[in-house]
Amino acid sequence: MAKIVLLVLPLLSLLLPLLFWCVAQAQLAKEFCVADLASSDTPAGYPCKPQAAVTADDFYYRGLGTTGPTVNPFKISLSSAFVTSFPGVNGLGISAARVDFAVGGVVPLHWHPAATELIFVVEGTLSCGFISATSNNRVYTNTLYKGDIMVLPQGQPHFQYNLGNTTAVALSTYSSPNPGVQTLDFALFANNLPSEVLTKVTLLDDLQ
């Protein structure tokens with residue numbers, strides 16, 4: 001037995017550095033995967049663009065520098081840096097968005113199935129909160145001022161609205177290149193369920 005150990009130890013001393021080198025090379029090979037947007041998205045993200053086709057512009061995005069398109073009737077403007085517009089974030093577990101809130105502007109109850117959100121107030125004052133599914137629907141809410149941040153856990157319904165008399169601006173980052181979004185109002189009232197089914201499953205009165 002002792003002879004076997006003596007024979008194996010030198011062999012391991014030769015193989016372990018090789019193993020570590022292989023692991024390091026595999027990690028380097030996966031340091032980024034710029035999205036090939038001509039292909040279809042998958043649960044694991046977009047396929048990688050061929051390395052020879054990757055350019056510096058894939059890692060650069062200017063879309064958050066100005067106010068985005070208006071989202072009615074919520075009195076907000078939204079611009080996003082998700083993988084579909086910023087292919088460099090593919091596979092990196094990060095993305096971002098900018099929201100401009102007019103006076104009275106609101107981001108209604110919604111949730112991101114695939115990401116936690118970290119919101120940072122650039123200008124103005126916001127009310128921000130989320131409803132916890134694991135704490136008997138307890139609401140966690142805060143007033144956020146310029147420079148404040150708040151974390152909104154993945155999958156939890158959350159909201160923001162402008163508390164001030166001037167425009168507010170917020171920048172959000174997400175723990176996914178494609179966080180997804182489901183808005184409660186749209187899920188309930190912009191679906192194709194028959195009214196009688198919607199009434200039954202929501203316990204809401206039929207408005208007809």
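These legends accompany several close-up views of one predicted protein model.

**View 1. Overall fold of the protein chain.** The model is a predicted one, in which local features need pLDDT of at least 70 and side-chain atom pairs count only at pLDDT 80 or more, whereas totals for chains, interfaces and linings use all residues. Residues are numbered from 1 along each chain as its sequence is written, and side-chain values use heavy atoms, with hydrogens and water left out. The protein chain holds 3 helices and 11 strands, where helices (H or I, at least four residues) and strands (E, at least two) are DSSP runs numbered from the N terminus. Read from the N terminus, the order of elements is α-β-β-β-β-β-β-β-β-β-β-β-α-α. Of the 208 residues, 29% count as buried (buried is under 20% relative accessible area, exposed over 50%, and partly exposed in between, with a 1.4 Å probe and protein chains only). The accessible surface of the chain comes to about 13,100 Å², and carbon and sulfur atoms account for 63% of that area, as computed by the Shrake-Rupley method with a 1.4 Å probe, where for residues only the protein chains shown count as cover. Among contacts (heavy atoms within 4.5 Å) between residues at least 6 apart in sequence, 67% join residues at least 24 apart.

View 2. The average pLDDT, the predictor's confidence in each residue from 0 to 100, is 88 for the protein chain, and 84% of the residues score at least 70. Over residues 19–28, by contrast, pLDDT stays under 50, and the model has 0 contacts beyond four places in sequence for this segment. Where pLDDT is low, the predicted coordinates should not be read in detail.

**View 3. The annotated set H110, H112, E117 and H158.** An unreviewed UniProt entry gives the annotation "binding site" to H110, H112, E117 and H158; its positions are given in the numbering used here, feature names are shortened, and annotations may be inferred rather than shown by experiment. Although spread over 49 residues of sequence, these residues cluster in space, with a largest C-alpha distance of 11.7 Å. From this set, H110, H112 and E117 belong to the lining of the largest pocket. On a 1 Å grid over the protein atoms alone, a pocket is an open set of points where a 1.4 Å probe fits, with protein on both sides within 12 Å along at least five of seven lines, and lining residues have an atom within 4 Å of a point.

View 4. H112 lies in the loop between β4 (106–111) and β5 (117–123), while E117 lies in strand β5. H112 is buried, because its relative accessible area is 5%, and E117 likewise counts as buried, because its relative accessibility is 2%. The side chains of H112 and E117 are joined by a polar contact of 3.1 Å, and those of E117 and H158 by one of 2.9 Å (a polar contact is a pair of N or O atoms within 3.5 Å; within protein, one must be able to donate a hydrogen and the other to accept it, and residues adjacent in sequence count only if both atoms are side-chain atoms). Beyond four places in sequence, the contacts of H112 include Q154, G155 and Y174, and those of E117 include M150, L152 and S172.

**View 5. Two loops meeting at G93 and S176.** G93 is found in the loop between β2 (76–81) and β3 (95–101), and S176 in the loop between β10 (168–174) and β11 (182–183). The C-alpha atoms of G93 and S176 are separated by 4.1 Å, although the two residues are 83 residues apart along the chain. S176 is buried, because its relative accessible area is 10%, whereas G93 counts as partly exposed, because its relative accessibility is 36%. Leaving out residues up to four places away in sequence, S176 touches G93, I94, S95, A114 and A115, and G93 touches Y174, S175, S176 and P177. The side chain of S176 also reaches the backbone nitrogen of N178 at 3.1 Å.
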